[in-house]
Amino acid sequence: MMHRLNLNNITFNIWLPYAASILFVTAVMGVYYPSRQEELFRAHQLEALNHLSRTVALGVEISLELENFEGLTRSIEYIANEDKFTFAAVILDNPQHEYEILARYPEGAAVETALQERSDYLIGEQPFSASNFRGKVIVAMDKATSDQTIAELNRPIYYLLIASFFATILLSLVFAQRIARPIMEITSHAQALQRGEYQTEIPLSQGKDEIGVLQNALISLRDDLHQRKMENDHLTANLESMISQRTAELSQTLEDLNRVQGVARLGTFTFLRDLQLLKMSPIAQEITGQDQSQIGYEDFLDLLDRGDKEMLRSCLTQGCPEGRAFKQDVRLWAGDQTTWASIILESFHDDNIVLGIIQDVSERKHAEDALRASETRKAGILESALDCIITIDAAGHIIEWNPASEETFGYTYAEVIGQPLTPFIIPSAMHEDHKKGIAHYLTTGEGPALNNRIELPALRADGSELIVEIAIVPIKTGDSVIFTAYLRDINDRKEAEREIQRLNENLKNRVVEQQQTAEKMRLIAEEAEAANKAKSAFLANTSHEIRTPINAVMGMAQALREEGLDSTVNEQIDTILGASESLLGIINDLLDLSKIESESLSLESAPFDPVEVFNKVQQTLASSVEPKGISFSIFADTNLPRQVKGDALRLRQVLLNLASNAIKFTEIGGVEIRLTSQTDGEDIMLECEVRDTGSGIPADRLDAIFEPFTQVDNTITRTHGGTGLGLSIAKRLVEIMGGTISVESQLGRGSTFRFEIRVSPADLTEADIDEEIAVAPLLRALHILVVEDNKFNRHVCRALLGKKHHIAEAVNGLEALKLLRTRHDFDLILMDVQMPEMDGLSATVEIRRLETQHGWPRIPVIALTANAMDADKQLALDAGMDDFISKPIRRETLLAIIAQNVDKLPNRAQSTT
């Protein structure tokens, strides 16, 4: 039979797999089963050893707890009756050495050697921990003692496998010969069908086995193939039609693909190595900025950075090195434009062709840059944070540990990251609460300690305890949650609080002294306030009392000046007026200083012409310049604005103070005033310079001249008088108006004062100031009621008003009301404020009430008062008065204000003069 077993013989091909399979199974069983038996046997032995070691470990723990070291040997002697063990030992962990053997059995057993050569022994181990001891119990058995037993168990198995192998080989050979014969016949008919001989006669088999079924199936296949050949001819025609249709569909798909590539900014290019030619799709041309259908690849490479350029050149011309395919993001430089692109090179069946894909990824790169910047900022915040920042996951493992945490707790980042937080910084008494808190939040979403600042104890690496202030914030990320804790070491603060508490105890004894001191200070403050009020009241009363007689003196002098007396008398009258003006100036200076010091001085904001203010100053001071024979000139910049908004009265007061002071100290030469302006944002800075050629100021006195009551010459032989308030008031007024003032001087050569004030621009339409109203004559005779308790002031009013008008008098408010009830033809009332029985304010209130009650025509009431404070003027206006004149009264001022108020109303009194 062996001569028929060749490689082409079907019997051989059927028998050989069977034989090989049987041989393989026999070999596997011969190897696997014995080894499996040995593995199970040794596992059983090892389990027995582990059980013995656990039993001994229990006794060892009891002996160590009782500190009975002699009982250790007795504990391991328990296994003396067990079979086949080699030795047992109690081993203690020792930090200085690898281990230390506390007890062994049998005595003198080579435990150290066995532990170093573990492959020769089966060892059962059980760790123990008692008191301050930690170690393990081992029980060992020599593997050689069990090898013989295992060999005896496996010998019958080997015999059985060999017998089964040979029996199966013989049976498979017989089976192969029986099945091969009909298969060969079927093969012959199949070859005929393969050649297209569909008329081949195939006998119909009556057998029911697989060979018979296969032979009958071949007959059916023959008939079926004949039928299919006929159908195939018909299908071929249909297929050609379908190919045409699918070709059209493919063209449409390619168009759709091009559109998708355009949306995705995805282009392609092809490099032909032999022609050094690069063909690029329209999208690729758009990304690279190339508008040619075919370009040299050098043009494309020049768009890349040097490193990317050389690597891409090598991959295109020579192929990329193995394992280093070109697939990376590159930066393309097209003029001033920079584009990030992803380039991928793909292999092709033709070595001459390299396919590439290019995609615009600029937006992605920008997003990645922003993300990296965000991560960098986050890392910087964590690195520079002074507080500890610790983050854990839901399982309690550390995922963030900043440098402040390392410094505070003594653990490095590498030591703690990924480890549970509990053993590191949480005291053991709080471990369970920490776990329950996390579990409670994960279950309910609530945590009483979260989002609150609390104080808790914590542990350092050296075991010391500290108090930390902690705030825990849960952060949800998708379906998971992390917890970030911000901790601050407050040991020092707690110590400080304890120190403060101790100091507070000490301070309790001093509270009474402080209270007594506070009471004394309160009394002193009340006395100072009372003194200040008394000073203000005294100053107001003094001003009132002085202005009243001055009013009489100046009023009568003005009346006499209008009588046309001879020149000698007029000179005497002018002397009286000059002295009165000087006295009035001193009183005004004192009042201004009082207002400034009490911060009750208020500024007006009204349109005015700066040049006009300077011209009036020149007119006012002309009479004091002429007798001295010096020059007095004013120069205004041609670019000065015509109108500005500010307090023209206070500006005039500063100029008068500085200019009159310069004239007073100048005997030769002259005084010069210059006015310019600068724009400062939306405001205007008026800049003024007052220069004189007078005696000058010593250098050691320059810093003091702006102080109140200070003069350059304070000796009893001084040449010039004055209170020393003018420069101080000027300085403070300039500062209130938002400016500065300075002085330069040389002794014997003169001085220069410079100041600037801040004003606002004004429209010409706002500057509706009728200057003529102050001098407009009263064209008709008026009926005027003068209410004044001082007879000298009543005479002054009569003298100043002249004989043209009809004057009625009343000595207080009650007499005025009595008179008004009988007659209502008065055009004007001049009302003193301070009077006995009924003052002017109360009288005016009552007059306004009567006018409303009886329908009387409104009569203008003008206040005449020696109280020149702004608050006094406001009280008069609030009472219903129409205007305000402070004493002493000047004739031109009185007539101008009367004309201004009377002209507002129709002529109600029919004069019969």
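**Entry: confidence.** I note at the outset that this is a predicted model. I read a mean pLDDT of 75 for the chain, with 73% of its residues reaching 70 or more. I then turned to residues 714-723, where the pLDDT is below 50, and I noted 14 contacts in the model for this stretch beyond near neighbours in sequence.

**Entry: the five-stranded sheet.** I followed an open sheet of five strands and wrote down its order as β12-β11-β15-β14-β13, with antiparallel pairing. I marked β12 (398-401) and β13 (453-459) as the edges, and because each has a single partner strand, one side of each is left without a neighbour in the sheet. I recorded that neighbouring strands in this sheet are turned by 30 degrees against each other on average, when direction ignored. At the β12 end, I found three bridges joining the antiparallel strands β11 (residues 388-393) and β12, and I picked out Thr 391, whose bridge partner in β12 is Glu 400.

Entry: I took down a volume of about 630 Å³ for the second largest pocket, and of the 30 residues that line it, I found His 434, Ala 449, Leu 456, Ile 470 and Ile 472 to be the closest to its centre. I also sorted the lining of the second largest pocket by residue type, which gave 22 nonpolar, six polar and two charged residues.

**Entry: the four-stranded sheet.** I next examined an open sheet of four strands, in the order β2-β1-β4-β3 and with antiparallel pairing. I identified its edge strands as β2 (100-105) and β3 (121-130), each of which pairs on one side only. I recorded a twist that averages 20 degrees from one strand to the next in this sheet. Between β1 (residues 87-92) and β2, which run antiparallel, I found five bridges, and I noted Ala 89 standing opposite Arg 104 in β2.

**Entry: a hairpin.** Which residue in the turn between β21 and β22 has a positive phi? I found that Gly 748 does, at about 85 degrees, in a hairpin that has three residues between its two strands. I followed β21 (residues 740-746) and β22 (residues 750-761) along their antiparallel pairing, which extends over seven bridges, and I wrote down Thr 752 in β22 as the bridge partner of Glu 744.

Technical notes
Residues numbered from 1 in each chain as written. Predicted model: local features only at pLDDT ≥ 70, side-chain atom pairs only at ≥ 80, totals over all residues. Heavy atoms only, no water. Pairing = 2+ DSSP bridges. Axes fitted to C-alpha atoms, helices over the stretch in contact; angles between N-to-C directions. pLDDT = per-residue confidence, 0-100. Contact = heavy atoms within 4.5 Å. 1 Å grid on protein atoms, 1.4 Å probe; cavity = no way out; pocket = protein on both sides within 12 Å on 5 of 7 lines; lining within 4 Å. Points joined across faces, edges and corners; volume = space filled by probe spheres on them. Nonpolar A, V, L, I, M, F, W, Y, C, P; charged D, E, K, R; others polar.
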